[in-house]
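Let us walk through a protein model together. Keep the sequence and the structure in view as you read.

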Amino acid sequence: LPRNNKQEIWIKDQWPRSINKNIILPGKALDGLNVVWHSDLVIGGGGTMNREAAALNVPVYSTFKGKIGAVDRYLEEQGLLTIVTDEKDFSTKIIIKKREKTNPRDFGDSRTCDYLVSLIEKRVAQESR
């Protein structure tokens, strides 16, 4: 997804015959989390979108070339993010396949969420007295 008009023009100039065949450029801004959730994989330049993909259990590949931060190293150690460092990694590390989508509540321990919901419920009950 292009971030701005300049990137969109560059994509159209580079691959004019692929637009609307293999490349779809949306006509408006999209909700990033929905795009990630419905994707089979994410290839990103690093940062928030990569971490959101990892949190949603979507295979994610980072092409970030700077110093890799602790969060990304941790995600890599957990198998939730793959760091792509050179051209050969595109054919050896990136796995292109249809992703089976799971229920977001199935991602693991929900004690924190359950606790926060209970606090909200208690507060609502107090306010309604």
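Predicted model: local features only at pLDDT ≥ 70, side-chain atom pairs only at ≥ 80, totals over all residues.

Residues are numbered from 1 along each chain as its sequence is written, and side-chain values use heavy atoms, with hydrogens and water left out.

Begin with the secondary structure. The protein has six helices and three strands. Both kinds of element are DSSP runs, numbered from the N terminus: helices are H or I with at least four residues, and strands are E with at least two. Follow the sequence and you read the pattern α-α-β-α-β-α-β-α-α. The C-alpha trace spans about 65 × 35 × 30 Å along the principal axes.

Now look at surface and interior. Of the 129 residues, 20% count as buried. Buried means under 20% relative accessible area, exposed means over 50%, and partly exposed lies in between (1.4 Å probe, protein chains only). The accessible surface comes to about 10,200 Å². Carbon and sulfur atoms hold 54% of it. These areas come from the Shrake-Rupley method with a 1.4 Å probe; for residues, only the protein chains shown count as cover.

Contacts tell another part of the story. A contact means heavy atoms within 4.5 Å. Take the contacts between residues at least 6 apart in sequence: 29% of them join residues at least 24 apart.

Charges come next. There are 21 positive and 17 negative side chains. Lys and Arg count as positive, Asp and Glu as negative, while His and the chain ends are not counted. The centres of the two sets lie 3 Å apart, with each charge placed at NZ of Lys, CZ of Arg, CG of Asp or CD of Glu.

Which residues make up the largest nonpolar core? It has 12 residues, among them Val-36, Trp-37, Ala-54, Val-60 and Leu-75. Helix H2 (32-37) and helix H3 (48-55) each supply at least two residues of this core. A nonpolar core is a set of buried Ala, Val, Leu, Ile, Met, Phe, Trp, Tyr and Cys residues joined through side-chain atoms within 4.5 Å. Leaving aside neighbours within four places in sequence, Ala-54 is in contact with Val-60, Leu-75 and Leu-80.

Next, find Lys-12 in helix H1 (residues 5-14). Lys-12 is partly exposed, at 38% relative accessibility. Beyond its neighbours within four places in sequence, Lys-12 is in contact with Ile-19 and Leu-25.

Most residues other than glycine have a negative phi. Asn-20, in the loop between H1 and H2, has a positive phi near 70°. Asn-20 is exposed, at 64% relative accessible area. Asn-57 also has a positive phi, of about 65°. Asn-57 sits in the loop between H3 and strand E2 (60-62) and is partly exposed, at 42%.

Finish with helix H6. Thr-112 is found there and is exposed, at 57% relative accessibility. Thr-112 and Lys-122 are 10 residues apart in sequence and 15 Å apart in space, C-alpha to C-alpha. Arg-129 is in the segment after helix H6 (111-127). Arg-129 is exposed, at 81%, and its C-alpha atom is 40 Å from that of Trp-37.
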